Amino acid sequence: ARSPTSTLPPIWWGKNWQNGWIVLKVDRYYLEINSIKNLNEVISPKQNLIIEKISPPNIELNKFFYKNIGKKHRWVDRLVWDNLKWMSYLENKDVHTYILKLNTDLAGYFEIIKDEKNNSAEIAYFGLLDQYIGQKLGGYLLSEAIKICFDKNHKRVWVHTCTLDHKNALKNYLKRGMTIFKEETININIT
C-alpha cells in the first residue's frame with residue numbers, strides 16, 4: 001500500500017498522519033497591552049502612508065484582505081461566509097476596519113472589535129499584503145492600531161497570534177510592548 005504522503009508535495013512528508021488527516025500542532029499566544037505608555041511606537045517609515053477607517057462597511061474590501069493576507073497563514077474560517085454573514089459581522093457597531101495605503105495602493109489592514117463592557121479592544125485581524133512585507137510597515141501599522149484602540153478610551157488592547165501566522169508576528173507584538181498573558185497548543189486536522 002502506498003503511503004498517503006506519496007501523492008503530496010514534500011512539505012507534507014513526515015507530518016503526523018492520523019486516520020487520513022494531517023495533524024498540525026500549533027502554538028497560540030494571547031498578548032495584551034494595558035497602557036498607551038507601554039507602547040514602543042514605530043513612526044511612519046515612509047511618506048504618503050495613510051490609515052483610513054472604512055465607513056460604511058465594505059464587504060469586498062474585507063474579503064480581499066482576509067483572502068490575500070490569510071492565504072499563507074491558514075485563515076479559513078470566513079472563506080465559507082456568504083455576503084449576508086459578512087454584512088452581519090461588519091455592520092456590528094463594535095467592529096471597525098482600517099486600511100493602510102501607500103499613496104493610493106492598498107498595503108494592509110486591521111480589524112478592531114470593541115468590548116465596551118470590559119473597556120477593551122481586540123485586534124482581531126492584522127496584516128500586510130505580500131509586496132509590502134519587509135518594508136518596516138508592520139511595526140508602524142501595529143503602533144497605529146494600538147493607538148486607535150487607546151484613543152477610544154479602552155484600558156486594554158489584546159490580540160492572539162499563532163505559529164501559522166507570519167514568522168515576525170509574535171516578535172512585532174512583543175516589540176510594541178505587548179505581553180503574553182496566555183499560551184496554548186492546539187491540534188488542527190488538515191485533509
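This is a short tour of one structure, stop by stop.

The model is predicted, so local features need pLDDT of at least 70 and side-chain atom pairs count only at pLDDT 80 or more, while totals for chains, interfaces and linings use all residues. Residues are numbered from 1 along each chain as its sequence is written, and side-chain values use heavy atoms, with hydrogens and water left out.

Select residues 95–102, strand β4, and 105–115, strand β5. Strands here are DSSP runs of E with at least two residues, helices are runs of H or I with at least four, and both are numbered from the N terminus. β4 and β5 run antiparallel and are joined by eight bridges. Two strands pair if DSSP finds at least two bridges between them. Now click H96; its bridge partner in β5 is I112. The hairpin of β4 and β5 has two residues between the strands. Pick N103 there: its phi is positive, near 60°.

Find D115, which stands opposite S120 in β6. Four residues lie between β5 and β6 in this hairpin. In the turn, N119 has a positive phi of about 55°.

Most residues other than glycine have a negative phi, and most peptide bonds are trans.

Select N48, in the loop between β2 (21–33) and β3. Its phi is positive, near 70°. N48 counts as partly exposed because its relative accessibility is 48%. Buried means under 20% relative accessible area, exposed over 50%, and partly exposed in between (1.4 Å probe, protein chains only).

Go on to P56, in the loop between β3 (49–53) and α1 (59–70). Is the peptide bond from S55 to P56 cis or trans? The bond is cis, with omega near 0°.

Then select R74, in the loop between α1 and α2 (83–90). R74 has a positive phi, near 65°. At 36% relative accessibility, R74 is partly exposed.

**Stop three: a charged patch**

Select K136, K167, K171 and K175, which gather in a patch of positive charge on the surface. Patches are made of residues with over 30% relative accessible area and no salt bridge, with like charges joined within 9 Å and nonpolar side chains (Val, Leu, Ile, Met, Phe, Trp, Tyr) within 5 Å. A salt bridge puts a side-chain nitrogen of Lys or Arg within 4 Å of a carboxyl oxygen of Asp or Glu. Lys and Arg count as positive. The charge of Lys is placed at NZ.

Finish on K167, in the loop between β7 (156–162) and α4 (169–175). K167 counts as exposed because its relative accessibility is 71%.

Conventions:
Areas by Shrake-Rupley, 256 points an atom, 1.4 Å probe, with all protein chains shown as cover.
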